[in-house]
Amino acid sequence: MEKVNMYKLDLAIKLLEEVRREIETQTGEASNCRVTSTEVTSSRRTKPRKEPFPFEILNHFQYQEDKTISHLLDQIHAPAEGLDIKKISPQTITGWLKAAGYLTVEYCAEVHKESTIPTEKGRALGIYTEVRTYGANRYVTVIYNRQAQEFLVEHFEAIVNGEVVE
């Protein structure tokens, strides 16, 4: 059985409810037809919707040090701590950077596995890598300098919306 996408289901139900209300408004007749997502899939509760990311908090960004995308996003999200907002994931940013030609995945002989590394375009922007060790594991981590961080912050909304930036 195919898994139900709760977001799409909730959206469809909301649209149906709007249509029902519009019909009631036009005809003056109340309908007793009401469907909820919990009736359709009673074994699963829906979480309350998070508020969209408040892009205006980016106006307060100040470079601190070269850092990974996870640490950069922690810094970006910090002013909204305690608010019920949709946080942006590192995968959203790195996925966009790969699609835009700033990052690629290649085999790294130094760590003996495929790793995300900057392209020439990415290096020109200020993205670089370091090989790190954690226990017995060696891995490549991607680091963003001041220029790269400021580029990401400047284009953050477009990146999150999947828009192409030149």
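1. Of the 166 residues in the protein chain, 34% are buried (under 20% relative accessible area, with a 1.4 Å probe and protein chains only). The model is predicted: local features need pLDDT of at least 70, side-chain atom pairs count only at pLDDT 80 or more, and totals for chains, interfaces and linings use all residues. Residues are numbered from 1 along each chain as its sequence is written, and side-chain values use heavy atoms, leaving out hydrogens and water.

2. The mean pLDDT (the predictor's confidence in each residue, from 0 to 100) is 85 for the protein chain, with 81% of residues at 70 or more. Where pLDDT is low, the predicted coordinates should not be read in detail.

3. The chain holds seven helices and four strands (DSSP runs numbered from the N terminus: helices H or I of at least four residues, strands E of at least two). Their order along the sequence is α-α-α-α-β-β-α-β-β-α-α.

4. Helix H3 (residues 69–77) has as its buried residues Ile 69, Leu 72, Leu 73, Gln 75, Ile 76 and His 77. Their cover includes helix H4 (90–99), strand S4 (137–144), helix H6 (146–154) and helix H7 (156–160).

Definitions and conventions: Buried < 20%, exposed > 50% of the residue type's maximum accessible area, 1.4 Å probe, protein only. Contact = heavy atoms within 4.5 Å.
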